[in-house]
Each structure stands twice: as structure tokens, then as C-alpha cells.
Amino acid sequence: MYTQGLDSLGKDCLGDSAAESAALEARFQAKIDAEEKIEPKDWMPEAYRRTLIRQISQHAHSEVIGMLPEGNWITRAPTLRRKAVLIAKVQDEGGHGMYLYSAAETLGISRDQMMQQLLSGAAKYSSIFNYPTLTWADVGAIGWLVDGAAIMNQIPLCRCSYGPYARAMVRICREESFHQRQGFEIMLTLARGTPEQKRMAQDALDRWWWPALMMFGPPDAQSKHTAQSMRWKIKRFTNDELRQKFVDVTVPQAEYLGLKIPDPELRWDEETQHYRFGPIDWGEFERVLAGHGPCNRERLEARRRAWEEGAWVREAAIAHAGKRGQRGVQAA
Amino acid sequence: MTSNVEWPLFEVFVRPRAGLEHKHVGSVHAADARMAIEHARDVYTRRQEGVSIWVVPSAQIVASDPEEADALFDPAQDKVYRHPTFYAIPDEVKNL
Ligand SMILES: [Fe+2]
Ligand SMILES: [Fe+2]
């Protein structure tokens, strides 16, 4: 699902083009300005390549880590229907990770390199997945809010200047809509249920609302590389623009559910035709991103365990394929 | 961390339904071609997007060089007479 203005986290995104010929650079920018796509073997500035590798791989990691909080509820889904839906949803997220790793590999980084960056903690992933899923209502809130925010982020990425990333995003966006709708349906069922179920839904909204707003990344004023990413048409809207759009569409949905958004400053502004909302705790965002969220350690440990415990399978499969290949040569 | 050999990369082509060509959709890692087809099914056809899959080891693909695209495609550039619109036919003439 989930980019998070993570493209703006690195220091080395900009300017090493001194060595590159200005003519190549100008031609590249002209192509982008003309809305032409850049494809894997085309010339591109090193900084463009590095920015994309970072953004796409972090996006892929977010999809893969994102399977963990929801996977936590697969064995405890309240009905068989909900369980089948949740398995399909989590499997989609794994698929999204695969589309994105595949797109990143076209830029000259290997899947294993990306995996090592994730497991060593060098690569970031969306901070939202470092929060725990305490009740079944959290599965509803994640689909509704987290996938909702992801869709807001991802739709403009379908027009990203880098062809393989744009194509992966088209595929992903086609699949996300069911994720959000199944989440809203869970929330609606709870909101119309017993008082205790409604309380569960409200509690989940209370805990997921602010982290969902943080998914759009730091405010524009602090987002150093937004301008360059927009010039390269990797990004089409700023973090704050996307966040505002998300709030504007989501508040009426919460009202329909009869739930209260946990923001005393939230109000409709006639003049701007937008909802105004209270300040976001960016300190919390920074802490979670730096590794001090409630579940950072647990998430990475789960991935490391999967990688290590799967090692013998990867090795055996490749050894088996090698042997079979040799037998084939001898037989021929 | 355990040492290991990365599974090779395969490019994946899917035929959406009979009557259409196979189209490139992305890539998967797999130990061999059979596994690549199974991975491609799980990754690229979860919603019946295909009736047939091709996988090709990525290392086996030979591609033209975009830097040489101008020279490579140059022979077609000055032959507008290959297009029907090149020919001026009076409006009165029908079925042509
Ligand atoms: Fe996703
Ligand atoms: Fe999703």
C-alpha cells in the first residue's frame, strides 16, 4: 500500500550531476516535461535512479511488513467470510510487494540487496505498521483508513514518470479498492452492532486516525526533496495536499458510521471548502520512524525469522534445480 | 545471516484471454521455470487476469539499445507513403 513521502528521507537524493553532461540532463528533463515515460535502459541522472530505488524499495517493504499487523487476526476472524476476505487482502499486499520489488530491480538493485537493507534496519518502511492490532475492529480501521490513505497516495503515482513504477501502481490501485471497502464494511457492521461493538469501532478509530494522517509524510515546509521529486514527476501532489484530500473525504464517512474523529479542532471551513484539523504530533512520527514505535522490533524480528528459517528451502530448491538441469544435459 | 544463492529472475508474460497476445507484466524469482510459472500465477493472476503464462529467464532477453534507437529505426522515418493518408483522393470517390 504504502508510500509515506519516504522519498524525502534521504540526504543523497540531490545533485551529483556535475560529471553528467548537461545536454543529457536537459534532454531527460525535456522528456519528463513532455509527459514521456522513462524506461529501464534509458539514460537517467544518478540521483533520479537513487531516489526511485529508495522510494520503490521502501514502498515494497511497507507492503510486506504491512502483512504482519493484519495477519495477526487471520486465525481469529469472526466468520469464515471475514477470514477468506482477510487472507485475500493480506495476500494482495504480498503481491504488491512483489510488483514493487520487480519494478525496483529494473533500476539495477537486486532483490537480495533490498531484503538485506530491510532486515538490517537500513531501509525504512511506513511508520503505520509499527502500531499493534489490538482488536478485530483494528482490521476494519486499517482497511478503511490505512488503505484509504494509501489509495490517496498511490493514485497519483500511477502517472509517475518511471514506466515500471507507474505500471506497478496501476495494478496495485486496481486491487486497493476492495481493501478499503471491506474495512469500511467491518466498521459499519460494528457501528451498527451492540454498544460494546460500537465502542470497539470508536476505540480503533481513536488509535488509527492520527497515525493514518502521518502516512502522508512530514509537512511540506519540512519536506526537503518534494520540489525535486515534483520536477521529475515522481510526485504529483505535496504531502499536505494529499493529507487534506484524505481528511476531506474521510470525515463524512466517519459521520455516516456515527463515530467521532478524535480531533477537538476538526471543523468545516466554509471559506476554503475544506476541513480544518488540529496539529499532528510530528515528534511521535519521528520516534516511530527512528525505531521506537510500539512494534518496530517485533516487525523486523518476524521478517528476520522468516528469512532465516526459509534459507534451507531457498538453498534446497536451487540445488534441486541445478541437479535436474545437469541430468537434462547428460540425457541430451 | 545464512549465505545463499539468489534464485534467478524470470520475465513474465500473460495472455489475458484466448485471442489476445501474451503481454509482459513483470518478473518473479524462482529456482526453475516450473516454479516461476507457479509464482507468476500467484503474483500476476489472482483475479483471473490470464489463461496462459510464459516465463523467460531475464538473462536470456536480448534488447535493442535505446541510445541507438534513432539509428535503428531510421529506415522507417522518411517513408510516409506507407500510410494511407499520404494519398489525396477526392471526396466524391467512395469505398477507397
Ligand atoms: Fe497494498
Ligand atoms: Fe491494501
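These legends describe close-up views of a predicted model.

**View 1. An iron ion held by four residues of chain A.**
The iron ion (ligand 2) is coordinated by A:Glu93 through OE, A:Asp147 through OD, A:Glu176 through OE and A:His179 through ND1. The distances run from 2.0 to 2.2 Å. What is the geometry of the site of the iron ion (ligand 2)? The site is irregular, with angles of 83 to 163° among its four donor atoms. Four donors count as tetrahedral if all angles lie between 85 and 135 degrees. Along the sequence, the donor residues follow the spacing E-x53-D-x28-E-x2-H.

**View 2. A:Glu93 as a bridge between two iron ions.**
A:Glu93 bridges the iron ion (ligand 2) and the iron ion (ligand 1). These two ions lie 3.4 Å apart. A:Glu93 belongs to helix H4 (residues 80-105) of chain A, and A:Asp147 belongs to helix H6 (residues 136-154) of chain A. The two residues are 54 residues apart, and the pair links distant parts of the chain. Are A:Glu93 and A:Asp147 buried or exposed? Both are buried.

**View 3. The contact between chain A and chain B.**
Chain A brings 29 residues to the contact, and chain B brings 24 residues. The size of an interface is often given as the accessible area lost when the parts come together. Here the two chains bury about 2,300 Å² between them. Carbon and sulfur atoms carry 49% of that area. Which residues of chain A lose the most area to chain B? They are A:Lys41, A:Arg171 and A:Ile318. Together these residues make up 22% of what that side buries.

**View 4. An edge-to-face ring pair in chain B.**
Ring centres must lie within 6.5 Å to count as a pair. By this rule there are 13 aromatic pairs over all chains. B:Tyr81 and B:Phe86 have ring centres 6.2 Å apart and planes at 70°, so the pair is edge-to-face. The cut-off for that label is over 60 degrees. B:Tyr81 is partly exposed, at a relative accessible area of 41%. B:Phe86 is also partly exposed, at 45% relative accessibility.

**View 5. Aromatic rings in chain A, in a cluster and under charges.**
Which residues do ring pairs link into a cluster? The cluster holds A:Phe28, A:Trp43, A:Tyr48 and A:Trp232.

**View 6. A buried cysteine in a loop of chain A.**
A:Cys160 is found in the loop between H6 and helix H7 (163-191) of chain A. Its relative accessible area is 0%, so A:Cys160 is buried. What does A:Cys160 contact, leaving aside neighbours within four places in sequence? A:Cys160 is in contact with A:Lys37, A:Tyr165, A:Ala166, A:Lys233 and A:Ile234. A:Ser229 is 69 residues from A:Cys160 in sequence. In space, their C-alpha atoms are 9.9 Å apart.

**View 7. Two glutamines with a positive phi.**
Most residues other than glycine have a negative phi. A:Gln273 has a positive phi of about 60°, although it is not a glycine. This residue lies in the loop between strand S1 (267-269) and strand S2 (274-276) of chain A. A:Gln273 is partly exposed, at 43% relative accessibility. B:Gln48 has a positive phi of about 55°, and it is not a glycine either. B:Gln48 sits in the loop between helix H1 (33-44) and strand S3 (52-57) of chain B. At 74% relative accessibility, B:Gln48 counts as exposed.

At 57% relative accessibility, A:Glu270 counts as exposed. How many residues separate A:Glu270 and A:Glu70 in sequence? They are 200 residues apart, and their C-alpha atoms are 38 Å apart in space. B:Asp65 counts as partly exposed, at 31% relative accessibility. B:Asp65 and B:Arg46 are 19 residues apart along the chain, with 34 Å between their C-alpha atoms.

How values were computed. Residues numbered from 1 in each chain as written. Chains lettered and ligands numbered in written order. Predicted model: local features only at pLDDT ≥ 70, side-chain atom pairs only at ≥ 80, totals over all residues. Heavy atoms only, no water. Phe/Tyr/Trp six-rings, centres within 6.5 Å; stacked < 30°, edge-to-face > 60°. Buried < 20%, exposed > 50% of the residue type's maximum accessible area, 1.4 Å probe, protein only. Lys NZ or Arg CZ within 6 Å of the ring centre and 35° of its normal. Donors = N, O, S within 2.8 Å, 3.2 Å for Na, K, Ca; no water. Tetrahedral: all angles 85-135°; square planar, octahedral: opposite > 155°, others 65-115°. Helix = DSSP H or I, 4+ residues; strand = E, 2+ residues; numbered from the N terminus. Contact = heavy atoms within 4.5 Å. Buried area = accessible area lost by both parts, 1.4 Å probe.
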